Number of protein chains: 2
Amino acid sequence: MRRRRTVVPLSASLLSASLLSVALAGFVPAVGAAPPPKIAITETAAFDAAAVAPFAGDYADVYAYLDKQGAHNLAQLQRWVRQPSISAQNKGITQMAELLRADLQQLGFRDTALVPTTGHPGVYGYYDAGAEHTLVVYMMYDVQPIEPTGWKVDAFAGSLVDEPGLGKVLMARGATNQKGPQRAFLNALDAVIKTRGKPPVNLIVLAEGEEELGSPHYPEVVAKYADTLRKADGVFFPMNTQDRDGSASMFLGVKGILYMELEAKGNPTSGGPQRAEVHGSLAAKLDSPSWRLVQALATLTGPDGEIAVPGYRDAIRAPNREEQQLFNGVVRDRAEPAKQLESLGAARWKNGRDYRAATAAELFDTTLNIDGLVAGYTGEGVKTILPHRAVAKVDSRLVPNQTPDQALALIRKRLDDQGFQDIEIRKLSGYPPAQTSVQAPLTQAALSVYRKYGQTPPVAPRIAGSAPYYVFTQTLGLPMISGGLGHGSGAHAPNEYMVVEPAKGSKIAGLAQVERFYVDLLYSLSDALKQPKK
Amino acid sequence: MRRRRTVVPLSASLLSASLLSVALAGFVPAVGAAPPPKIAITETAAFDAAAVAPFAGDYADVYAYLDKQGAHNLAQLQRWVRQPSISAQNKGITQMAELLRADLQQLGFRDTALVPTTGHPGVYGYYDAGAEHTLVVYMMYDVQPIEPTGWKVDAFAGSLVDEPGLGKVLMARGATNQKGPQRAFLNALDAVIKTRGKPPVNLIVLAEGEEELGSPHYPEVVAKYADTLRKADGVFFPMNTQDRDGSASMFLGVKGILYMELEAKGNPTSGGPQRAEVHGSLAAKLDSPSWRLVQALATLTGPDGEIAVPGYRDAIRAPNREEQQLFNGVVRDRAEPAKQLESLGAARWKNGRDYRAATAAELFDTTLNIDGLVAGYTGEGVKTILPHRAVAKVDSRLVPNQTPDQALALIRKRLDDQGFQDIEIRKLSGYPPAQTSVQAPLTQAALSVYRKYGQTPPVAPRIAGSAPYYVFTQTLGLPMISGGLGHGSGAHAPNEYMVVEPAKGSKIAGLAQVERFYVDLLYSLSDALKQPKK
């Protein structure tokens, strides 16, 4: 795992806005609760993006081209979301990979390939701009499965919907996660090439079709092009970062992930039916794999859902000075806590913690989450059976210096110590976290473009979510950032959308503005790549 | 609830075959285990059906008619199972109710009706044979839902399948539970009427379409005909009672049931997302209804799945003398324990109990069983969400003197005491147990018919399963028995079947023999109804 410096020199942009010295006040543990995370925030200074000078570049001819191409560019996004590409169910995966490759070829990527893996294929494209430096663009072309209920439109129809208070949105699976922003970036690249002949930097697009599966085979894609990739200078991932009120935010890293299935089934040692479900009345004399799973799971948390696996947080390093100052900035600059809760549909932060403690957990703590539970009869009404198997899908988000293998071993040990050797753990995915410094030229370049567009984004050291950035930051040693204007929501949920034509008075960027930002970013990052790497 | 006499005078048929004086030896509790059930068996005598004289009736003309009608009678069973009637999903319910009513009319039931309830309709039919006595025939016309995988044939095609070692079977949902034996009984009745002009007793068929839902509205059907039913003399329920090797068994009662859904969902007091699932990474700062449900469920049993609800067994009365002697007979006469385990697909009895203790629990103990569990994403592969709700379907089988309301209150109290007031319990069904004495004339009459067909059935005081017999035994005060030759399996599971043409050398009755048994039983029960009720 990449080691971060524990002391980061911060610029004059740091403000002593935070007067809080210890986080996690306001947390009242429930009776019998597991210990809450200990995250010491001793820094009082707070990072402030306002100190970064706005990007000075101006590309009026490119912007004008984008404005002219409005309808065409929107249709490009619709074309992408209309192609299903559900990695978990292998629906439309090959078609989407081929569609992406064809788009790259059409843009002028000279060298393109579908990259076979032991899972879904990757997509590779190289654009030779004859430049000294090279930017890698990470993309994911897969999407989450569709929820059986809750969608207002066909999830793959590419519908344009008028949403009160937002404006016209593209409502579709993948609209914001991640087809919308990725295709918007390619629209921007198209405009640059059409007006200026070529981009200011060589580009490598390296896409995967298994991000939503935890990127199990992306390392194979990276390995195939490792020599080429090592000569590159940085990595970028297009992303909508504006929230509903138009404020953009930035993050510098991701958590890692461990994704498992825990299964209890009938077996010789702990009993229960082994072949098939049996009549429910047999619970009088046969063991129940479902109770077994419930009891095993219950040893992993306290009654309050806090992690109860001994040593699970031992590896976690304390937030360093840069991270603490970024945290202080985030707490100061983000939307009101009540609004954040409202947007999540929740009435409180976890176990009644205060906002500061909740945010500290979001940025610095690990998790143990039940993504799914299933056993026996799950339909309407009554069916009396004793199921022969029960399965939980569980994920854990990993922060520095956790690793998937350590985390898995601790969970296995906990179950074994509690007598649940019969519970099978299947690891479906696992990779470590990743991070880039706020001082990296790439980060500063991105911030300067936000500043040009009137944004002063809070900068988080990482997001609570996961992406396989480690293949770049750790395997290849490259700085990696993500960003962009644009607003979307509903990733992994019904009615996913991206705003394409904001309501009057909204600070959300419309599609043309999103693309304009990417044009500037391309030039700004290109400049940054010429600076020595940090 | 009906109180049973605690001392039952037993006839000379009792043998002192059992030398065991205390049950539940051989149970080694696991560390931290909940206490096992305490079931004291102090009687050493064992009931033996061999002492019952074989039924002397002979109805050669009726048997001959049945033999002639073989193909037609099999087609009648196929016609019934081809009509889906899944109560839990309201599939084909009305059609099946109408089909049953039409069949009764065709048989000569003068007075028939669909009986509207607040749920699925009942079916009523009265056959006036001009007799002094009246037998009620309980029927259920609904079936269990279909399992999504595991069926070798279309569950509603009425397929005839050659099963190695068994012979020709009707493989379909409802084949044995309960359409097969019920229609076979009507075939027998048809033969009696065609050859003898009328049955020896007046008949009331009172069917329901919600047995598989826990019979929530059957009391409404009974209430409508209560005056007529009270004048009846006993109740019969046709049933396949032969096991795979041809041995028949009999039981005298059923357990009651409490069927619940336990649900955790996002709410203001224990937190979590309330509107919809959210991204799994939010587990860092939002509460999880899924963990909440797991932790709540885990307080209901020990790690070994034994009931841990305080006082849950307090109401249960000890097995009386008749029940103990029936138990001793069952333990002596049933198939080898190893064969029973094999047929259930299990390697051991619950928590390693010995066979005697497992059988005692089957007959005399309550249960707490997870029928289904569901939360979040249950499909293939990886999806990272924090579900906003999680549901468990849980049933409890009730023995004398438990009641559904007492049981529910104890579970509610347990959850409340452990801090889980936020877990919602929805009662989907609940009714008390029911029982008829082995000394009842109806029971003795049925045993005599078994004896005529070379069977000496073990007689259990009850089965582990549930049926709403209480409406007859408790509400109306009528004796009720069930029985029949015939073998089927797979109730509530894939590939449900009933043997219609047994393999050569099999002791299982073929369809014509099943019907012949019902002819004899009709006459035998008719005789018994003339005796004073016990």
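How many salt bridges does the structure hold over all chains? I looked that up first: there are 72, a salt bridge being a side-chain nitrogen of Lys or Arg within 4 Å of a carboxyl oxygen of Asp or Glu.

**Ground rules.** I am working with a predicted model, where local features need pLDDT of at least 70 and side-chain atom pairs count only at pLDDT 80 or more, while totals for chains, interfaces and linings use all residues. Residues are numbered from 1 along each chain as its sequence is written, chains are lettered from A and ligands numbered from 1 in the order in which they are written, and side-chain values use heavy atoms, with hydrogens and water left out.

**Entry 1, the interface.** I turned to where chain A meets chain B. The contact (heavy atoms within 4.5 Å) takes 90 residues from chain A and 89 residues from chain B. I noted a buried area of about 7,500 Å², with carbon and sulfur atoms giving 56% of it; buried area is the accessible area (1.4 Å probe) that two parts lose on being put together, summed over both. Lys285(A), Trp291(A) and Val382(A) supply 12% of what chain A buries against chain B, more than any other three residues.

I found eight salt bridges across the interface of chain A and chain B. I looked at Arg348(B) with Asp287(A), whose closest N and O atoms are 2.9 Å apart. Polar contacts (a pair of N or O atoms within 3.5 Å; within protein, one must be able to donate a hydrogen and the other to accept it, and residues adjacent in sequence count only if both atoms are side-chain atoms) join 50 residue pairs between chain A and chain B, both residues at pLDDT 80 or more.

Which element gives the most to the side of chain A that touches chain B? My answer is β12(A), with eight residues. Helices (H or I, at least four residues) and strands (E, at least two) are DSSP runs, numbered from the N terminus. I sorted the residues of that side into 39 nonpolar, 30 polar and 21 charged. Here Ala, Val, Leu, Ile, Met, Phe, Trp, Tyr, Cys and Pro count as nonpolar, Asp, Glu, Lys and Arg as charged, and the others, Gly among them, as polar.

I then followed β12(A) across to β12 (residues 369-376) of chain B: five bridges join the two strands, which run antiparallel. Ala375(A) has Leu373(B) as its bridge partner. Strands pair if DSSP finds at least two bridges between them.

**Entry 4, a sheet in chain A.** I traced an open sheet of four strands in the order β4-β5-β20-β19, with antiparallel pairing. β4 (159-163) and β19 (488-489) stand at the edges with a single partner strand each, so one side of each has no neighbour in the sheet. Between β4(A) and β5 (residues 167-171) I see five bridges, and Asp162(A) stands opposite Lys168(A) in β5(A).

I also checked Lys152(A) and Glu163(A), which form a salt bridge at 2.9 Å, N to O. Lys152(A) lies in the loop between β3 (134-140) and β4 and Glu163(A) in strand β4, so the pair ties together parts eleven residues apart in sequence.

Most residues other than glycine have a negative phi, and most peptide bonds are trans. I found a cis bond from Asn177(A) to Gln178(A), with omega near 20°. Another cis bond joins Pro400(A) and Asn401(A), with omega about 5°. Asn90(A), in the loop between α2 and α3 (93-107) of chain A, has a positive phi near 50°.
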